[in-house]
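User: Hi! Could you walk me through this one while I have it open?
Analyst: Happy to, let's have a look together.

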Amino acid sequence: MFRTIKSFLLLLAPLALLLGCKFGDVNVNPNAPTDAPMNVLLPAAQANLSYGINGDIAQFNSIFLQQIGGVENIYLSVAQYDLNGNLAARVWDGNLYPGSMNDLSIIIRKASELNAPHYRGVARVLMANALGQAVDLWNNVPYSEAFRGNAPNNRVVQPRYDRGEALYDTVQTLLTQAIVDLQAPTSFASPGRDDLVYGGNRARWVLAARALKARYFNHLSKLAPEQSAQRALEQLQAGTFTANADDARIVFGNTVDAAGPWFRYLVGSFGNGVRAGEFFVNLLSSRNDPRLPFYVRANPTGAPFVGTPAGVSRPTASQLGGYVNRPEAPANFITFVEVKFIEAEANLRLGRRAEAAAAHNAAVAASLAKVTAPIAAFGLTTNAAANQAYLQQYGAETAATITLDKIFTEKYIGLYLEPEAWTDWRRSITPDRPTGVPALTLAASSQQFTSGRFPRRWPYPLSEVQQNRANVEAQGAATTLTDRVFWDR
Amino acid sequence: MQRIVWKTAAALVLNLALALSVLAQERVITGQITGKTDNQSIPGASVVVEGTNRGTTTDASGSFRLAVPTDARRLTVSAVGYTKQTVDIGNQTTFNVTLDEANRQLDEVIVTALGISQEKKSLTYSAQQVGGDELLRAREVNIVNSLNSKVAGVQIISQGGTPGAASSINIRGKSSFQGSSQPLFVVDGVPVNNSFSTVASSASVDNSNRAVDINPDDIESISVLKGPAATALYGIQAGSGVVLITTKKGSRSDARRTTVSYNSTASVEEVNRYFPLQDQFAQGTNGAYSDVPGQTFAFGPRISDLRYSSTLTDARYPQGRIVPATDPTAGPNVPQVFDNQRNFYQRGRTFDNHVSVSSGNRDGNLYFSVGRLAQTGVIPRNTFDRTTVKLSGESALSAKLRISASATYVNSGGNRVGRGDNFTGVTQGIYRTPPHFDIFNGQSDPTNPLAYQFPNGSQRSFRNRDQIDGMNPSDLGLGPDGPLWTVNKNPYRDRVDRVYGFGQVNYQLLPWLSAMFRGGADVFTDRRVAAFDIGSFGGDGRFGRIFEETFVNKTFNTDFLLTANRTFGDVNLTALVGHNFFANDVTRSYLDGNTFNQPGFFNISNATVIANPVQSRTRRQTFAAFTNLKADYKGWAILEGSLRNEWASTLPTNANSFLFGSLSGAVVITDALKLNGDALSFAKIRASYAQAGNIPPAYSTETFFVRASAADGFGNGISFPIRGSNIGGSTQGNQIGNVNLRPELNTTVEVGAEVAFLRNRVSLDVTYYDSRNRNQLVSIPRASSSGFTSELINAGELQNRGIEAILTVTPVKREKFRWEAAFNFTRNRNIVLSTGDAGQPILMPGFGTIFQPRLVPGQQFGVFYGSGWLRDAQGRVIIEPQNRIGANGQPEIGANGQPVPNPNAGFPVRQDNLLIGNPNPRFLLGIRNTLSYGSLSLSFLWDIRSGGDVWNGTEAVLTNIGMTTRTLDRGTQRVFDGVVATGRDPQTGLYTASAEAPANAQAVTLTQANWFQANGRATGAAGVHEQFVEDASWVRLRDVNLSYKLPAGWFNGSKFLKGATFTAFGRNLLLFTNYSGIDPETSLYGLSPAQGLDYFGNPNTRSAGLSLNATF
């Protein structure tokens, strides 16, 4: 009997051993940390925002603008004005809210906790840019309750939508605060190499903040023509970009997997979805614009520059040119060229025609200098004579000759493939310019999706409609493609 | 000192042994056991001295030899498939016992949870056993397939017909909203992994489910435990049922007996159904021939209107460039039409050999086997092979202590081919090729580069008129790789090395109390290498790409069991207390390299860029303590209950323990009421109530930061650190960690009855169950403005109700001739009761974002939502009117004062977001007929599936590009059924039709532009899906099997050969279905819960083969 009990205990031993076990670190995830420092959050947020603005947003806006045309797949759909809530969700669910803005909000929070205003300043500039871009596409969007899905207290998974007007104030406030932050004498830590835009150059960030302030003031041109111009100019006068070298942009690496958004898209499986737009090619051809071969890749045989008509697939049309179609093509947030055009437009609105003409001419010259710089990989060289000829014809305006149409047209060419160009075009629409400047023609089969009207905003993402329904519905029923954002009246 | 102790001990043992041998007066008896109907010897029959543990089993010739105590009175003889018989010993020394074939449903002894054998008669829940013979009938390679149509309540869907392709098994429907709902696989008491491990389940290749590593030739039987009452002892692992596999063992025999068994099988496979493609229209658009680079449409002219040019040459067409007949250079010859499908698919071959040695004596036994399977598929270069080596044994160390162990080594894998939503899928490459393009380029050898390469080495494709430079991104048109390019240039190889097995100790503590400890392990590595040679369109392989992926999967499991068995008067009590530890540890490493140094060399060192390396480890552990009590009153009233408490590592630390239980009972009415008539031979009723659970995946309770990448909407982008810099980037993960997670809870009520009539000639086993799965673990999407896109929560409830019935009939039972028919009926109604949060539907992987299987409260599981035709309240399709109707519902008037004509007049109107299909079948029925005459046996299995829709996405896409036979009506007139719109709904802007709306009479001529690719009514994956949802009912001859067992008499006296059986078999020989695509038994998403999507799956096969079985 004793032996039986002993054996019994022996058998029981493993049981006791196992029962005594705790899980320990079994459920501790070895594959991902639960925190990350600011200096890795910042570059990721910058790259993600850049890939959003210069990815889907630029792709779709540029198709609407007929700078390029969709010939396949969803790009053909977008060209036919079938930009649905699914497509609109890709950048919202990817690059913007979770991809960059959430991380920027974490940086702002961390920087406040750690007393690192320099990080907070950079994050606020980027947040302002992201938010401004979102309003320009969707008007009312979540911000004040956003990024709180994981908050230990006051968790919000269905954030309410803030009015576009109010968010424009927020954009300005963020930028004002950012300038203060960036000029703070001390900071626990400061961005350096991890800053993909300026490599930690805070002075330039201040210039960029003012440039963005000018941009978003200027967007209000339809609502408050004079005030918007005055405020924009005030910012520019306070000190902003003075050369192309000041551009707020990211130059990604020079290999396929380090490339910037346009190249990465064009070289990917779906990059065949777009070709040069017929309207754009014709416009530049008619003006003998020396930027054309840089923007559009000449066909090796037949007519060199062929565009695809809006809403129609012409796969044989020209591909995009070396200026964008290379890994190191700059991915812009805001540029010197844009700032000069803002200056021209604002001055013109205030009747300062000479200043307007001067700024316009400077913008055109800066654009030509930037775009037509030689690109060896594409065999592209600068044609100084052609540049000169162009500048004489289109970059030599005077107080007498300068017009808003000229500024908008040149800006349309100068901001090639930048989403900002679509915002300008929408602002250019007035009763006597019903199809905007430059005057676009409706895409074929526009009847199908927009009842024969131009798209004026993006629809709310399907993900928001489904997961945040009440708040989206509170924005009213008229949030279709042809509805307008608050400044587009 | 020690030596003395040992010596003394040895002396004592010796003395004891001597004493025992003197005490136990013994004599030796011998005999042979045969079956009554076929007069064949029965190997492996058990012969036991009644009331003792003394016993043996018969050898291959059915003979036994047993030493019995002189006072032994009776022998009990039993064998699987036969009725147990008791024989008086008397003074006889030779026994020839003839056993009656059992009624399988009633007399069977079946293996239940934790490997406990029980008489089926005493079970209080539903469980069904399939014997090794039945499993091997169709010689299926994958044991999951071998259960098809053989078990009531089980649905099996194979992913495609390529060698080694995965198959999904669901017991009693889907139990989980988002999990795989695959049952637990247990081999000899130890859980084994049946994972699928595919990241992109809709694309990639036909990967295997890992149960494919189990060699069917090593299996003795499979028990399918269906409800939680049966699986209660497995707890959370068994929320979707258990497939309990018992492997073959060496027979225990009084004298040493060794048997060698050899099986050799060879079969051929061929495609059982081809996709119907049009063979009349050429490449081009709008009726005009166009072969410009990138032209993917087959909406050109009739091929008969084209000619080979007599002067122009074309790298694609050796006969000359194709031009319109009117072209000045046109020659006399009409372009040839090629049946690329039939040319491409070849005859597949399977060779399967298995040798086993089993041996045993009184104190132990041994089983050793080696199996080797080699398959080549119907697709060139597609292979799968499997080598298994198994060794198992058992030894009695003393009268009370027994040790057993088993180890199996498996090496399996093959060369797979692309499938599904994948530009390197061979079906995409074949089906999209216009009929005048010969994918073989006049060659016959599929591996000849002349067939798939242009002279300059670039890919030969109908889309590339000029010999373009495959490396130049601007020269490549979007489209799938050519099929022969794919099989030669896009290899995908996988290789699994696996060891699984167990060690077990049994100890008889007291006559009524025994203990068991078992430790099991299943460890494997799964290495996969996929490459896309330079110039591939698919797999982002333009510059060459290779990825190497390695999984190391370790599962450890220990069970400790104390079993007490006591009889108190008429009540027999079995009590069990146990403990279980389970640990699973999976590491995955993934290297993705691109930009090859040189073409055709598929090694990671050939890549110049390594992107996105992944190294991940996922661990899960559980502990459990459980108890089970079974009380049996006179063998006719049985009550059973169990409780199990579980601790799981993946639950929040402060709430990681939970308890569930079961209660069940059965009454054998015929025994209770002492009915034993011929008419009603047996009747039993049973009922059970039981719970089971499921736990969340690891690491779900916290929010993490992950390495960042930046990309556009199609995922074209970069990841950190950006190449060329060392700047890192992290982003907060998109899933919100949930600290409030709880386990899923399944509660099932089950009632059943088993009856037999006419001396068991007819028997019926019916079960009705109603199971509710609450607190479903659901990864729900979150509004991304919250900063996150998903959260794992407990939400929703799922109900499965159903009937399982097994009817066995023996219409003829003569001396030599016997006809048996078995019906397995499955009917499951799977209803989503709720989806948690505000009743939002849960979206499952679908196709694109418009066609989606969904979980919608009140609907069946995974019903299809997509676009369909706008209908009025009476269900009539609304047709576009002659003139336009404005947004206000009034006719539009043009500037000229006339109504504005509607260019779309006569066409139906698309509406999105409609319920358009249900993939769940109404019922499944398997009918097995077995006719035996003496040694000859013919068996065939009909597999019937009624209802259940499949979305024929292949047809949708190919219609869009003009390759299906339904596009042959291009250019013809059609009047669409429906009523003409009479107004518009002011709210939605959609057309309305009044009750008196006229029937449509407007004939329209269908063209590429106005119909097949027209905005708003197009075909294609993003088009109107309703047109491509089809009923996938089928009647299929799942297997046929004719076997002849050489009469036992032939081997009498043979020292060498002891028995042989020849078998001819066929699989999937006949298929009757109205489905228009390939075999509707296909699944885009493999083991995922989303079913019923057919999208460029690889075709299924039928096969025929021969098998020889010999025993030595």
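Analyst: Helix H6 (residues 164–182) of chain A has 19 residues and spans 26 Å from first C-alpha to last, close to the 27 Å expected at 1.5 Å a residue. The expected span of a helix is 1.5 Å times one less than its number of residues. Helices (H or I, at least four residues) and strands (E, at least two) are DSSP runs, numbered from the N terminus. This is a predicted model: local features need pLDDT of at least 70, side-chain atom pairs count only at pLDDT 80 or more, and totals for chains, interfaces and linings use all residues. Residues are numbered from 1 along each chain as its sequence is written, chains are lettered from A and ligands numbered from 1 in the order in which they are written, and side-chain values use heavy atoms, with hydrogens and water left out.

User: Which residues of H6(A) are buried?
Analyst: Among them are Leu167(A), Val171(A), Leu174(A), Leu175(A) and Ala178(A). Buried means under 20% relative accessible area, exposed over 50%, and partly exposed in between (1.4 Å probe, protein chains only).

User: And what do the buried residues of H6(A) pack against?
Analyst: They pack against helix H5 (117–138), strand S2 (141–142), strand S3 (161–162) and helix H7 (202–218) of chain A. Contact here means heavy atoms within 4.5 Å.

User: How about Ser50(A), buried or exposed?
Analyst: Ser50(A) counts as buried, because its relative accessibility is 0%. Ser50(A) sits in helix H2 (residues 38–64) of chain A. Not counting residues up to four places away in sequence, Ser50(A) touches Gly55(A), Ile250(A), Phe252(A), Pro261(A), Ala331(A) and Phe333(A).

User: Over to chain B. Why is strand S4 of chain B largely enclosed?
Analyst: Six of the seven residues of S4(B) (residues 63–69) are buried, so the rest of the structure largely encloses this strand. Strand S1 (residues 26–35) of chain B pairs with S4(B) in the antiparallel sense over seven bridges, and Ile29(B) stands opposite Leu66(B) in S4(B). Two strands pair if DSSP finds at least two bridges between them.

User: What's the strand order in the open sheet of three?
Analyst: The order is S38-S42-S41 in chain B, with mixed pairing. Strand S38 (735–736) and strand S41 (777–781) of chain B are the edge strands, each pairing on one side only. S41(B) and strand S42 (residues 790–794) of chain B are antiparallel over five bridges, with Val778(B) opposite Ile793(B).

User: Nice. Where's Val668(B)?
Analyst: Val668(B) is in strand S32 (residues 657–668) of chain B, and at 0% relative accessibility it counts as buried. Leaving aside neighbours within four places in sequence, the contacts of Val668(B) include Lys121(B), Trp636(B) and Phe682(B).

User: Which residues does the cis peptide bond in chain A join?
Analyst: It joins Val437(A) and Pro438(A), with omega about -10°. Pro438(A) lies in the loop between helix H16 (420–428) and helix H17 (446–450) of chain A. In chain B, a cis peptide bond joins Phe720(B) and Pro721(B), with omega about -10°.

User: What's the phi of Tyr699(B)?
Analyst: Phi of Tyr699(B) is positive, about 60°, although the residue is not a glycine. Tyr699(B) lies in the loop between strand S33 (680–694) and strand S34 (705–707) of chain B, and at 10% relative accessibility Tyr699(B) counts as buried.
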